[in-house]
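I opened my notebook to look up a few features of this model. Here is what I checked, entry by entry.

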Amino acid sequence: MEHFDSNDAVSIKESQALLNEISMEPNLTFIHSNYGFLPSIITKLESQGVSLTDSVATVMFTKNKLDEVTGDVGMKDKSKIRD
């Protein structure tokens, strides 16, 4: 993204500004570390021919993984899971 000319488009300029924010890298690392498994879980749950037992086990695994998320974000996740 740094190699693009920010004068070419507003979206490039805004993307470069966001990526240069000091908190961006830790936030992206947090998201990847705690939620990086979700795309494969979603794909697994969308698959046809998976038994109900396996699907329930996948959902429980996901719930347990989300329960491990710490901090304010983890607290919000836990409250959303309960509701």
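**Surface patch.** I looked for nonpolar side chains grouped on the surface and found a patch formed by Leu 19, Leu 28 and Ile 31, with about 280 Å² of accessible area together. For patches I took residues with over 30% relative accessible area and no salt bridge, joining like charges within 9 Å and nonpolar side chains (Val, Leu, Ile, Met, Phe, Trp, Tyr) within 5 Å. Accessible areas are from the Shrake-Rupley method with a 1.4 Å probe, and for residues only the protein chains shown count as cover. Leu 19 sits in helix α1, residues 10-20; helices (H or I, at least four residues) are DSSP runs numbered from the N terminus, as are strands (E, at least two). Leu 19 has a relative accessible area of 47%, so I noted this residue as partly exposed (buried is under 20%, exposed over 50%, partly exposed in between, with a 1.4 Å probe and protein chains only).

**Ground rules.** The model is predicted: local features need pLDDT of at least 70, side-chain atom pairs count only at pLDDT 80 or more, and totals for chains, interfaces and linings use all residues. Residues are numbered from 1 along each chain as its sequence is written, and side-chain values use heavy atoms, with hydrogens and water left out.

**Helix packing.** How do α3 and α4 pack? Helix α3 (residues 38-46) and helix α4 (residues 52-67) have their axes 10 Å apart, at an angle of about 160°. That makes the pair roughly antiparallel (under 35 degrees is roughly parallel, over 145 roughly antiparallel, 65 to 115 roughly perpendicular, the rest oblique). The axes are lines fitted to C-alpha atoms, for helices over the stretch in contact, and angles run from 0 to 180 degrees between N-to-C directions. I noted the crossing of α3 and α4 as left-handed, meaning that the near helix is turned anticlockwise from the far one by less than a right angle; clockwise would be right-handed.

**Salt bridge.** I counted one salt bridge, taking a side-chain nitrogen of Lys or Arg within 4 Å of a carboxyl oxygen of Asp or Glu. Asp 67 and Lys 63 make a salt bridge at 3.0 Å, N to O. Both residues belong to helix α4, four residues apart, about one turn of the helix. Asp 67 is partly exposed at 28% relative accessibility, and Lys 63 is partly exposed at 32%.

**Two distances.** Thr 43, in helix α3, is partly exposed at 48%. Ala 57 lies in helix α4 and is partly exposed at 46%. From Ala 57 to Phe 37 I noted 15 Å, C-alpha to C-alpha, for residues 20 apart in sequence.
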